[in-house]
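Subject: Handover of a structure and the findings on it

Dear colleague,

Please find below the structure that I am handing over to you. My notes on it follow directly after.

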Amino acid sequence: MNEPVRRISVVVLAMFLALMIAASYIQVIAAGDLNADARNVRTLYREYGTFRGPIVVDGQSIVWSAPVDDPFNYQRTYADGPLYSAVTGYYSIVYGRTGIEQSENELLSGTADELFWTRLGNLVSGETQRGASVELTLSGAVQQAAFDALGDQIGAVVALDPSTGKVLAMVTSPTFDPADLAGHTTSVVNENYQALLGTPDGPLVNRAIAGDTYPPGSTFKLVTAAAALGAGYDAESELYAPDELDLPGTSVTMGNYGGASCSSTESMTLADALRISCNTAFGSLGMKLGWSVIERQAEAFGWGEQLSIPLAVTPSRLPDGPDQAQTAMSSIGQFDVRATPLQMAMVAAGIANDGELMRPYLVETVRDADLRVVETTEPEVMSTPMTVADANELTEMMVGVVDAGSGTNAQISGVEVAGKTGTAETGNDLDPHAWFVGFAPADDPVVAVAVVLENGGGNTGTITGGRLAAPIARQVIEAALAAQGGS
């Protein structure tokens, strides 16, 4: 073989080797990444062209896959989309998945390990792969009541079953319709998504569990009161309650809402301080207890936890090593204390459940296409932040808040409601956040609720939790009681 032919042979051999290596890399090593690439049309058709399981509330599908005559085969359909969007999220060929559509994606799509035998049966029988149905813990009646009561006010509502941790309602406002992002016409979906991004107040933000956390204001006094009871105080313990409380190491003082005086004697009981939400009494109490005591109590209620319900929950935050003045401010839910509405609902639920906090969850049961149970969630104790005796004593104090204190707008005829109001300053020129947390019936609770109206929710006039948030909580509690009575 002459030299030119030999050189050509070497080049051709090298090209064949390069081709074999490239093909092996693409088919073996890079296959997963290429399949997962959103630009891979075949992957899109494979995923979105498979029957996806429904999402179910009260035995009725609120999300399902409807057959359509296009390459995707099925169209994701949302009944009452804006009502449930904070939980379901969206399923989009352009923007992917959020909410339950994301967290339970493998079950809904039928690719989860738990569905292996179901897929094997489909393969043998020649049937089309079908995803599992995901049954939620939500009560449709309570969800609707929360949605209606919140209306177009900016904020969120969370309701829990204190005895199990089931999420009975989760609503955020403003909201959106997932159907706007589920279409198969890319240009329309893009236009709808950009419109949502450009809408003031962020309708895509789930204010109940994610996005920005909020200063809880006076609702945090429940945590401080729980810490005090655990340290040996009781409802009749006397607290220092001046008109203005000097904050050590500063030239400023802490006052009460509207400059009010809590006591003509500068002294009042813990129960009365909670009932009228006296800032100076709780500020002085916090400094006497010390931040480490309050911090441990807050952590026992879930602060700092990386929760998955299975939606990811933004951890609530506490200040790191505050001084005495900062401790006083933190004791009334200001300074660097931050919480989600879910977190505050957990505080109420832990008190309501005799001091035992149940882990919150949204998914009740998962069933395959033949309605066989694939998995179910069992209630789980998350922590025990209070003794039974302390929880019962704090409950009685919270009943006083609603009966004859700052939370009278949460009263329900014939039902004892335990609650706490909050009006949280934001540290800027915006209106404060209006809060209410509570549960009912006080002696045998079936629902715990937290309501926040961000910067007053867009309301005018006096912004307080008692005026604005308590009536919303009342309507949610009434719906839960009615649903319980009808079950």
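In which loop does Pro441 lie? Pro441 belongs to the loop between strand E18 (433–440) and strand E19 (447–453). The model is a predicted one, and in it the peptide bond joining Ala440 and Pro441 is cis, with an omega of about -20 degrees. A cis bond also leads from Ser173 to Pro174, where omega is near 0 degrees. Pro174 is found in the loop between strand E8 (167–173) and helix H9 (186–197).

For context, most peptide bonds are trans, and most residues other than glycine have a negative phi. Asp58 is not a glycine, yet its phi is positive, at about 55 degrees. Asp58 sits in the loop between E1 and E2. Leu371 likewise has a positive phi, of about 70 degrees, and lies in the turn of the hairpin formed by E14 and E15.

The sheet

Six strands make up an open sheet of mixed pairing, in the order E3-E2-E1-E6-E14-E15. Strand E3 (74–78) and strand E15 (373–376) stand at the edges with a single partner strand each, so one side of each has no neighbour in the sheet. On average, and with direction ignored, neighbouring strands are turned by 25 degrees against each other.

Ala66 has Gln75 of E3 as its bridge partner. Val366 stands opposite Glu375 in E15, and five residues separate E14 from E15 in their hairpin.

Helix packing

Helix H4 lies across strand E1 (55–57), E2, E3 and strand E6 (133–136), and runs at about 95 degrees to E2. Helix H4 (residues 81–88) also packs against helix H8 (residues 140–150), at an angle of about 105 degrees and with the axes 10 Å apart. H4 and H8 are therefore roughly perpendicular to each other. On the H4 side, Pro82, Leu83 and Tyr84 make the contact, while H8 contributes Gly140, Gln143, Gln144 and Phe147. By class, four residues of this contact are nonpolar, three are polar and none is charged.

Pocket and cavities

The largest pocket holds about 510 Å³ of space. Its lining consists of 24 residues, and Ser218, Tyr257, Ser277, Asn279 and Thr423 are those nearest its centre. Strand E17 (418–424) and helix H17 (465–486) are the elements that give two or more residues to this lining. The lining of the largest pocket divides into eight nonpolar, 14 polar and two charged residues.

There are two cavities of 30 Å³ or more. The second largest cavity has a volume of about 50 Å³. Among the residues lining that cavity are Gly302, Glu305, Leu307, Val313, Thr340 and Met346. Its lining counts five nonpolar, five polar and one charged residues.

With kind regards

Key. Residues are numbered from 1 along each chain as its sequence is written. This is a predicted model: local features need pLDDT of at least 70, side-chain atom pairs count only at pLDDT 80 or more; totals for chains, interfaces and linings use all residues. Side-chain values use heavy atoms; hydrogens and water are left out. On a 1 Å grid over the protein atoms alone, a cavity is a set of points where a 1.4 Å probe fits but cannot get out, and a pocket is an open set with protein on both sides within 12 Å along at least five of seven lines; lining residues have an atom within 4 Å of a point. Grid points are joined across faces, edges and corners, and a volume is the space filled by probe spheres set on the points. Helices (H or I, at least four residues) and strands (E, at least two) are DSSP runs, numbered from the N terminus. Ala, Val, Leu, Ile, Met, Phe, Trp, Tyr, Cys and Pro count as nonpolar, Asp, Glu, Lys and Arg as charged, and the others, Gly among them, as polar. Axes are lines fitted to C-alpha atoms, for helices over the stretch in contact, and angles run from 0 to 180 degrees between N-to-C directions. Angles under 35 degrees count as roughly parallel, over 145 as roughly antiparallel, 65 to 115 as roughly perpendicular and the rest as oblique. Contact means heavy atoms within 4.5 Å. Two strands pair if DSSP finds at least two bridges between them.
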